[in-house]
Amino acid sequence: MNDISHPIDAGPPHAATVVARTQESPGIFTLQLRLDDAAAQATYRFAPGQFNMLYLYGVGEVPISIMSDPEERAVIGHTIRAQGRVTQGLAALQPGDTLGLRGPFGRGWPLQEMGGRDVVLVTGGLGCAPVVSVIHYVLRRRERFGKLVIIQGVKHAEDLIWREQYDRWARLPDTQVLVAASEGAALWPWHVGRVTELFALARFKPDCAVAMMCGPEGMMRVAADSLLARGLPESHLYLSMERNMQCAVGRCGHCQFGGAFVCRDGPVFNWGEARALLAHRGY
Amino acid sequence: MSSLPDHAEFLPLAQLPSLVSRLMALGYQCLGPAVENGAIVMRELATPDSLPRGLQAEQAPGRYRLTQDPHNRYFAWANGPQAIKPQAFAPQESLWRVERDAAGDLKFAAVLPAVRPQAIIGVRACDLAALALQDAHFLRAGRRDPHYAQRREQLFLVAVQCAEPAATCFCASTGDGPTPTAGYDIALAELSDGFTAVAGSAKGEAVLKDLKLSPATPQQIEAARQQGCASAAAQTRSLLARNLRDTLMSRLEHPRWDEVAARCLACGNCTAVCPTCFCHAEVDEPALNGASSEHGRFWDSCFGETHGHLHGFNVRPDIRSRYRQWLTHKLATWHDQFGRSGCVGCGRCIAWCPVGIDLTEEVAVLTASEAQP
């Protein structure tokens, strides 16, 4: 499913150049990258929900989901939190700097199953990044889908990135935007409290919807309970999972989740595939 | 399993060096048993007649001691901490290399190992079964690991029937031994005056042909068969032969996980000696002059603190969840990945565990019918 591209294999990476850099929030930045090999850039295709391995020279690789529009051919976008050794180094890169890229990897969102349905997106923190390309995808083909419900939760109000976009999406017809911050701030126009408190406000037809979740596992469990309780069929509920990934091709073993290699068999799973193990802490 | 083909050659005891010598003449680097730090390891044989005799390894939970075989046989030892795995899946190797020029541009290049043909003499049925599983993982269709493939293709495997199982062995219960049935180039069974020898590949057949051996007598073939049966019967440990997947996965909150976690040191010895464990970490090693960096991999363990590391938190922060991950992967979810259990009954994880945790005992408790989930 969604296997529309030929991934650049397990290694070595391809050289890529930073075309643009945006500081999204104090700790979050976006890098727009272009593969140095023009032919590789021209043939590069990905599906929303897939990820790349980004390599920082002399330090190592990290898996980063692709946030750009899949129709965009000139650049490949990644929104990253400066957190560890590699991502803090990536944060220091400026336009013109070079890094390594291999991908795309994994199974993306079930775009084919969305046709004619309401689309419900539930994300927490930077979980919005792997899902934003789905929003672009739907907005570009608006007539093919029912209602679009975008639910995003953050810890602190200043953690919310793409604030103008949420404002813009909220004004579109048949589009509902529900944003919550556990801790608000001055002029915060959205809900203050847990994002889970907003689920009841979401307007969609449960028997004719597809829901996709990405964020902390605890949040996704609560979201799943709420969506399923409203009558969403389990087969139409999806989540994107996060695990330690080093090889990205189902070989190094770190991302195993039960019998699945998250990098290869995921990161997107149907709720039914993941539900049983998500109930066990430490699995 | 104790089946042996109806036909076999007979390699007289005095001619064992001629087998090694033939392999050396064919260009193989020959590895065989050697004693190092009180254990049997596979090391390069200096000469065709340098295979040691009379070694035995007494094994028990948390215990491995070399002893003297009263019959002075070549292969009376059950196994050592490692056999084939390091030869195909290198403990540490480079995957690719990157150079950075003055302008900051990066040039990437794959690094493939230079390997010479290698023959391993004395591998056991459990290790052949484990190698088949490593093959299934690293040579998966469409995703062949070129580093593993390069080493693997150079291997020539001389297997030996295990006649003297250790107390930690349970390959008979997993269906993987003690008599090699597949995956070898040549399989030997050691009798008092020599070896029955069977070829398992065209390469093996050519080598046996070069040795101009006589056919083994029906009595010799029968003696080898009976020796395999006796060896299987002598095994004192066992693992339930049925698929344990559903049972174990329904007991993920069993109190035994806490109990075993209190004993487990999370040292990772079991994963280091396990012939099927395939986890590896990737690491970058930049050159001191800053002009290049080498990206490699090394064996990793799901007992390590970094195995489940994610930005800001650890998926498996405690030993309970790590032991559970290891055991349920090996015996339960391995079925989903490879269509069988990941345990071949070699017993190494039992012998080399510093606190003597016995996998067969843990499984017996976890799967006991009266146990509550």
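In the predicted model, the centres of domain 1 and domain 2 of chain A, taken over C-alpha atoms, are separated by 22 Å. Domain 1 of chain A covers residues 14-105 and domain 2 of chain A covers residues 111-278. Contact between the two involves 19 residues of domain 1 of chain A and 20 residues of domain 2 of chain A. On the side of domain 1 of chain A that touches domain 2 of chain A, two or more residues come from each of β1 (14-25), β3, β4 and β5 (76-81) of chain A. By class, this side of domain 1 of chain A comprises 10 nonpolar, 5 polar and 4 charged residues.

Strand β3 of chain A, residues 51-56, is mostly covered, with 6 of its 6 residues buried. In a regular strand, side chains alternate between the two faces of the sheet. In β3(A), F51(A), M53(A) and Y55(A) point one way, while N52(A), L54(A) and L56(A) point the other way, and all are buried.

β3(A) pairs with two strands of chain A, β4 and β6. The pairing with β4(A), residues 60-65, is antiparallel and extends over 6 bridges. Within this pairing, M53(A) stands opposite P63(A) of β4(A). The hairpin formed by β3(A) and β4(A) has 3 residues between the strands, and G58(A) adopts a positive phi near 75° in this hairpin. The pairing of β3(A) with β6(A), residues 98-105, is also antiparallel and comprises 4 bridges. Here F51(A) has F105(A) of β6(A) as its bridge partner.

W109(A) is located in the loop between β6 and β7 (118-124) of chain A. W109(A) is classed as buried because 27 other C-beta atoms lie within 10 Å, the threshold for a buried residue being 20 or more. Leaving aside neighbours within four places in sequence, the contacts of W109(A) are P48(A), G49(A), V134(A), M212(A), Y238(A) and V268(A). The C-alpha atom of W109(A) is separated by 8.6 Å from that of L239(A), a residue 130 positions away along the chain.

Chain B is likewise divided into two domains, with domain 1 spanning residues 9-233 and domain 2 spanning residues 245-367. The C-alpha centres of domain 1 of chain B and domain 2 of chain B are 25 Å apart. A total of 40 residues of domain 1 of chain B are in contact with 31 residues of domain 2 of chain B. At least two residues of the side of domain 1 of chain B that touches domain 2 of chain B are supplied by each of β4 (55-60), β5 (63-68), β6, α3 (125-138) and α5 (171-174) of chain B. The most is given by β6(B), with 9 residues. This side of domain 1 of chain B has 20 nonpolar, 12 polar and 8 charged residues.

Between the chains, 39 residues of chain B are in contact with 32 residues of chain A. The elements of chain B that each supply at least two residues of the side that touches chain A are β6 (92-100), β7 (106-110), β13 (280-286), β14 (292-299), β15 (309-310) and α11 (319-338). Of the side of chain B that touches chain A, β13(B) gives the most, namely 6 residues. The residues on this side of chain B divide into 16 nonpolar, 13 polar and 10 charged.

Methods. Residues numbered from 1 in each chain as written. Chains lettered and ligands numbered in written order. Predicted model: local features only at pLDDT ≥ 70, side-chain atom pairs only at ≥ 80, totals over all residues. Contact = placed C-beta atoms within 7 Å. Nonpolar A, V, L, I, M, F, W, Y, C, P; charged D, E, K, R; others polar. Buried ≥ 20, exposed ≤ 12 C-beta atoms within 10 Å, placed from the backbone. Pairing = 2+ DSSP bridges. Domains from an automatic or database assignment.
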